Amino acid sequence: MVNNQHLHWNPNFPRHGIGQNLSHIRHSTFFVSDLQRSVDFYSNIMKFKVLTTDEENGSATLSMKNMVLELKVGATTAFAGENLIVGHVSVDVPDSKLAFDYLTQKKVDFEINVSVPKGNGKAESEGGGSDNTVGQAFIRDPDGYYLEICNCHLLTDFVLGLTNGQLLDGYQEGVKSVDTTYAATKLFTKAQVAKKRLKRFNSSSSTIAEPLPESDRPQEANPAILNNLIKRRVVYGDICQSFTEEQLGQILCEAGNSAATAILLMKERIKKGDATKIYKPPAYYVGKIEEATKYSPIVLDAGADEKGKHMAAPAKMSAGILDQSLHDKKNASTATQAFDDKNEDEEEIPFEISSVNHIAFIVSDVGRSSTFYSDVLGLQQVKRPNFDRHGAWFTGGNVEIHLILGNPLAPPRSTRGSEANTTWFVVK
């Protein structure tokens with residue numbers, strides 16, 4: 001259990017749904033194809049402390065400081081790996097540069113994302129400086145699950161709306177246990193109310209826009225509005241990525257220089273099949289931050305009614321899996337052996353995680369998912385830097401939950417919770 005920790009609930013903001021009964025995130029479950037191989041990776045490379053192992057039932061638990069990682073043998077579900085718009089668990093380290101050196105020494109391939117600014121301003125991917133960019137290395141475990149190693153703690157004050165390290169008024173600490181039957185009854189009742197609210201949100205109708213008659217259209221697009229629409233073309237999954245600068249100007253004139261109407265007209269074009277929804281992932285670096293290592297992911301398109309379901313690309317097998325098949329058990333024992341294949345006289349670079357910073361989920365509809373996490377689960381939404389993808393951030397008490405627009409990868413809804421990767425909350 002996680003005890004005596006600071007929980008990031010702000011008492012000045014109400015929590016809806018079952019929120020008052022949720023304390024914090026206890027653990028996440030990963031299904032793995034080879035238990036020992038995964039335990040070796042997480043304990044020897046990631047330095048997670050092994051808490052329990054049960055080879056007979058194919059399970060193990062490891063400490064990630066502020067929460068627990070549970071490994072269970074079963075069917076794995078991992079992202080393809082052609083871009084960094086992926087679900088992941090992010091762990092904080094005191095020094096990201098030292099962590100990158102450690103990964104290089106251990107021969108763990110990694111990819112560096114430079115698109116997240118340290119609060120306000122621009123990150124390196126959008127023309128900002130490296131001194132205003134959060135350092136993030138993405139690696140993959142032996143089954144292809146993504147882990148982010150970063151100095152995301154630099155964002156904590158910004159995310160929680162704090163300055164100079166101040167604490168929230170009424171900051172909660174620790175966990176108090178209660179009768180689980182009573183808690184389950186209250187959870188069920190509040191969940192029913194929250195589900196009705198979510199149903200009303202999903203059934204709301206959208207507005208249909210019509211272009212102005214040619215005689216009523218302005219001769220030129222408003223430069224300021226057009227420039228804002230053009231800027232949005234760098235944001236992953238933004239509707240403006242589906243149109244050229246010239247097309248954006250034309251649509252803005254058809255909308256009478258109304259940005260809101262222009263967006264509706266773009267949606268109508270995609271819905272009718274007159275345009276294709278485009279997903280252009282941001283570029284990132286492979287191994288080193290230098291122009292020679294810059295990798296530009298392929299541009300993906302999807303039909304309007306498919307919401308990106310066909311965006312998957314062939315796996316780029318790299319970090320952590322050493323070009324092995326995800327399910328190739330024949331050579332599985334070599335997966336972690338290569339990490340230790342270094343000069344015995346070389347002193348190991350120190351590496352230790354501080355805590356889990358966030359768990360990221362890829363969602364097809366940020367608004368709908370945000371309603372679920374706020375109105376059903378009762379999580380509190382927190383501030384989010386302005387960077388090149390759509391999403392929303394929440395606090396789960398001890399760990400943040402990040403929602404990112406993209407192509408969700410999840411088992412069928414008929415799959416039982418005990419048979420899929422899961423995040424577990426503690427009720428109070």
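These questions and answers concern a predicted model.

User: Is strand β18 largely enclosed or largely open, judged by how many of its residues are buried?

Analyst: Strand β18 covers residues 400-405. Six of its six residues are buried, so the rest of the structure leaves the strand largely enclosed.

User: Which residues of β18 point the opposite way from Glu 400, His 402 and Ile 404?

Analyst: In a regular strand, side chains alternate between the two faces of the sheet. Glu 400, His 402 and Ile 404 point one way from β18, and these residues are buried. Pointing the other way, and also buried, are Ile 401, Leu 403 and Leu 405.

User: In which sense, parallel or antiparallel, does β17 run to β18?

Analyst: Strand β17 spans residues 391-395, and five bridges join it to β18. Within this pairing, Phe 394 stands opposite Ile 401. The two strands run antiparallel.

User: Which residue of β18 is the bridge partner of Phe 361?

Analyst: Strand β15, residues 355-363, pairs with β18 in the parallel sense. Six bridges make up that pairing. For Phe 361, the bridge partner in β18 is Leu 403.

User: What phi does Gly 397 take in the hairpin of β17 and β18?

Analyst: Four residues lie between the two strands of this hairpin. Gly 397 has a positive phi there, near 100 degrees.

User: What span is expected for helix α7 at 1.5 Å a residue?

Analyst: Helix α7 has 14 residues, 259-272. From its first C-alpha to its last it reaches 20 Å. That is close to the expected span, 20 Å.

User: Which elements are included in what covers the buried residues of α7?

Analyst: The buried residues of α7 include Ala 262, Ile 263, Leu 265 and Met 266. Glu 268 and Ile 270 are buried as well. Their cover includes α5 (223-231), α6 (245-254) and β11 (277-279).

User: Which residue follows α7?

Analyst: The residue after α7 has a positive phi, near 90 degrees. This residue is Gly 273.

User: What is the handedness of the link of Cys 150 and Cys 152?

Analyst: A search of the whole structure finds one disulfide. It joins Cys 150 to Cys 152, S to S 2.1 Å, and both cysteines are buried. The angle about the S-S bond is -130 degrees, and the link is left-handed.

User: Why does Cys 240 count as buried?

Analyst: Buried means under 20% relative accessible area. Cys 240 counts as buried because its relative accessibility is 0%.

User: What is the relative accessible area of Cys 253?

Analyst: The cut-off for buried is again under 20%. Cys 253 is buried, with a relative accessible area of 11%.

Key: Residues numbered from 1 in each chain as written. Predicted model: local features only at pLDDT ≥ 70, side-chain atom pairs only at ≥ 80, totals over all residues. Heavy atoms only, no water. Buried < 20%, exposed > 50% of the residue type's maximum accessible area, 1.4 Å probe, protein only. Pairing = 2+ DSSP bridges. Expected span 1.5 Å × (residues − 1). Contact = heavy atoms within 4.5 Å. Disulfide = S-S within 2.5 Å.
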